[in-house]
Amino acid sequence: PLYAFIVSADYCLLTDAQLIATGIVAYLQRALDGESVEIPAMYYDVVVLGGSGRARWVTARAHPIKDASGRTLEVMLMHEDITERVVAETALREREQRFRSLVMATSQTVWSTTPDGRVHEDSPSWRALTGQRYEEWIGYGWLDAVHPDDRERTGAAWRAATATGSVYETEYRVRHADGNYRWTAVKGVPLEGPDGKVREWIGANKDIHETVVAQAALAERLDREQRHSALLVKVAQASRTLGSALSSEDIAAALVEEVRAILEVHQAVVSLNVGGAQEINAVSMSDKYARYRSYDVKPDGSGIYAEVCRSNQVMRLTQRELEAHPAFRRFGAHAAQHPAIRGWLAVPLVDRKGKNIGLIQASDKFEGDFTEQDEAILVQLASIAANGFENARLYSSLKEQERRKDEFLAMLAHELRNPLAPIATAAELLKIGIASEERVRRSSEVISRQVKHMTSLVDDLLDISRVTRGLIQLERVAVDIDATLRSAVEQARPLIEAREHALTIAPATPGASVMGDPNRLVQVVANLLNNAAKYTPRGGRIRLAVERDAHLVHIRVEDNGIGIDQALLPQVFDLFTQAERTPDRSQGGLGIGLALVKNVVTLHGGEVSAHS
C-alpha cells in the first residue's frame with residue numbers, strides 16, 4: 001500500500017528524530033554514499049510530522065541512483081507496510097510465551113515428534129527431567145529412560161498410536177536425572193496438516209508419582225484389610241468347628257486341618273500331654289509330604305517341643321533360627337524318616353488353670369516366613385482349642401462317671417440281692433419247723449452273716465454319702481499311729497487269713513503320731529488292707545510299713561496282687577471306680593472303699609496315691 005502525507009518544506013530524512021532514534025539514518029547515509037541498503041523494520045508514527053493516520057510497522061530498501069560517472073544523484077526508497085505481519089508474529093510469540101509459562105507452572109514436560117513417532121526436535125524440559133542428552137533421546141532413544149518393566153508395554157502403545165493416528169495416553173515410570181524412577185502420566189495428540197495427514201505429534205508428561213504411590217498404598221491397605229477380614233471369617237468358622245466337636249480326637253483332627261488352611265502351611269501337628277507324656281494326636285500334611293504320613297514315632301519328651309510345653313511360651317522361628325536353637329535335636333535316630341521342618345511356629349495349649357496340656361505346631365509356609373499375624377491367629381486358635389480339649393475332657397469325664405454310676409447301681413443291686421438268697425433259704429427252713437437243732441443253728445448263722453454283710457454294705461454307702469457331702473465330723477486328738485495300725489490289722493485279719501495271705505508288719509516307728517480322728521484313720525488303713533487282700537490271689541504277700549520324717553507320717557500298704565491297669569490308675573480313688581472283677585466275684589464290695597480312703601485322708605490334710 002502507498003501512503004501520502006504532507007511535511008514541511010524544510011523536512012530532511014537525515015534529521016528525522018524517529019529515524020535517528022531507531023538507527024535508520026545510518027542506513028540512509030550508506031545509501032547516499034552509493035550502497036544499496038536493506039533498512040530493518042521500524043515503528044513509524046506520521047502524526048509526529050503533522051500527518052494523519054495510525055502508526056505503522058514498515059521496512060524499506062534504499063537504492064542509490066547514479067550518473068554515468070558513478071556519482072549518486074538521488075536515493076530511491078521503497079517502503080513495505082508489515083504492520084499486520086508484525087502484529088501476528090507478536091501475538092504468536094505472546095501465546096508461545098504464555099504456553100511455556102503454563103507448562104512450567106504445571107511442571108509438565110513437553111515434547112514433539114515426527115508423524116511416524118520419532119523424536120526430532122530438542123526438548124529442554126525432557127533433558128532436564130531425565131538427564132538424557134539430545135543425542136541420547138532422539139528417535140526412539142527416549143525409551144531408554146523408561147523403566148525396564150514398563151518399556152515394552154510403553155513402546156508398543158506408542159507404536160500403535162502413531163500407526164493409527166489415535167490419541168496416545170498411558171502411564172509409566174521414567175528415570176530422573178538423579179537415577180530414581182518416578183511415575184509419569186503421558187498424553188500425546190496428533191496435529192493434522194491441510195491434507196488431513198498427521199503433520200507432527202505434540203505431547204506432555206506429568207509427574208504423578210505421589211498419586212500412584214498413595215493409590216498403591218491404599219490398594220495394599222484395602223487388600224490387607226480384606227485378607228484380614230477373610231482370616232477373621234476363617235477363624236470364626238474354625239471356632240464353630242472346634243466348638244462342636246465333643247472328643248479330643250475330633251478336636252485335634254479338625255484343628256490341624258484348620259491351621260493348615262488358615263496359615264497356608266504344608267504341615268500342622270497337635271500334641272497333647274497324656275499321663276505326663278507327650279503324644280502326637282493329629283497330623284495334617286500337604287501332598288508335598290505325602291510319603292511321611294505313615295511316620296508315627298512318639299516324642300521322647302525332650303527337644304524343642306518339650307521346651308514349648310515347659311515354658312508355655314510361643315516360638316516363632318525362621319529356618320536358620322530353628323537350626324541354631326540349642327533345643328532343636330533334629331529328631332535323633334529317626335531324622336531320616338521325620339518330615340523336614342522349614343520354619344516353625346509353635347503355640348502351647350494351656351488350660352483354664354494355666355497348666356500346659358500340649359502344643360500346636362505349624363511348619364513350611366507356602367510363601368515366606370511366619371509373621372506376627374500368623375502367630376496371633378495361632379494363639380487365638382490355641383485358646384479356642386484348649387477350651388475345647390478341656391470341655392471334651394469334662395464331657396468324657398461326665399460320661400465316664402455316668403457309666404460308672406450305672407455300673408455301680410447294677411453292682412449294688414447285685415450285691416444286695418446276693419445275701420437275700422441265703423437269707424430267704426434259711427428263713428424258709430426255719431418256717432417249716434421240722435429242722436434239727438443243728439440246721440436251725442446253721443440257718444441262724446447264715447442269716448446273721450448275710451445281714452452283717454448287708455449292714456456293712458449299707459454302712460459303706462452311708463459313710464461315703466456323709467463324707468462326700470461334708471457331713472462327717474472328725475475328732476481332733478493326738479493319734480498313736482502304732483495303735484491305729486494294730487486296730488486296722490485286727491479288723492482286716494479275718495479276710496487276710498481267709499485268703500491265706502502272709503502279712504508282714506515293718507517295725508513300728510516309736511512316737512509316730514498325728515492330730516486326727518482315730519476311728520477314721522483305723523478305717524482308712526483297714527480299707528487299704530482289705531483292698532490288698534481282695535485283689536491279691538490266694539497265698540499272696542501283704543506288707544504294712546510306717547515311716548516318719550520331720551513333718552509327715554507315711555503309711556504304706558504293699559501287695560503282690562493283680563495290680564492296677566495303667567488306664568485305671570489315675571481314677572482309682574474316684575467314686576464308683578473298680579477294677580474288672582474275676583468270674584467268681586471273689587473280690588466283692590462296691591468299689592467305694594478307696595474313694596472313702598481319699599476323702600478321709602484329705603479331711604485330715606493328707607495325701608494318698610497309688611502305684612502299680
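User: Which residues form one aromatic cluster?

Analyst: Rings of Phe, Tyr and Trp (its six-membered ring) pair if their centres lie within 6.5 Å. This is a predicted model, where local features need pLDDT of at least 70, side-chain atom pairs count only at pLDDT 80 or more, and totals for chains, interfaces and linings use all residues. Residues are numbered from 1 along each chain as its sequence is written, and side-chain values use heavy atoms, with hydrogens and water left out. The cluster is made of Trp111, Trp142, Trp158, Tyr168, Tyr172 and Trp201.

User: Are tryptophan 158 and tryptophan 201 buried or exposed?

Analyst: These two form an aromatic pair with 5.3 Å centre to centre and 70° between the planes. That is edge-to-face, as planes over 60 degrees apart get this name, those under 30 degrees are stacked and the rest are tilted. Buried means under 20% relative accessible area, exposed over 50% and partly exposed in between (1.4 Å probe, protein chains only). Both tryptophan 158 and tryptophan 201 are buried.

User: How many residues apart in sequence are the parts that this pair ties together?

Analyst: Helices (H or I, at least four residues) and strands (E, at least two) are DSSP runs, numbered from the N terminus. Tryptophan 158 sits in helix α6 (residues 148–164), while tryptophan 201 belongs to strand β7 (residues 198–207), so the pair links parts whose separation in sequence is 43 residues.

User: Now the helices, please. What is the angle between α14 and α15?

Analyst: Axes are lines fitted to C-alpha atoms, for helices over the stretch in contact, and angles run from 0 to 180 degrees between N-to-C directions. The axes of helix α14 (residues 518–534) and α15 come within 9 Å. They cross at roughly 150°.

User: What does that make α14 relative to α15?

Analyst: Angles under 35 degrees count as roughly parallel, over 145 as roughly antiparallel, 65 to 115 as roughly perpendicular and the rest as oblique. The angle therefore makes α14, relative to α15, roughly antiparallel.

User: Which residues of α15 meet α14?

Analyst: Contact means heavy atoms within 4.5 Å. From α14 come Arg520, Gln523, Val524, Asn527, Leu528 and Asn531. Their partners in α15 are Gly593, Leu594, Leu596, Val597, Val600 and Val601.

User: Last one: which residues in helix α9 are buried?

Analyst: Helix α9 covers residues 303–311. Just after α9, asparagine 312 takes a positive phi of about 55°. Within the helix, the buried residues are Gly303, Ile304, Tyr305, Val308 and Cys309.
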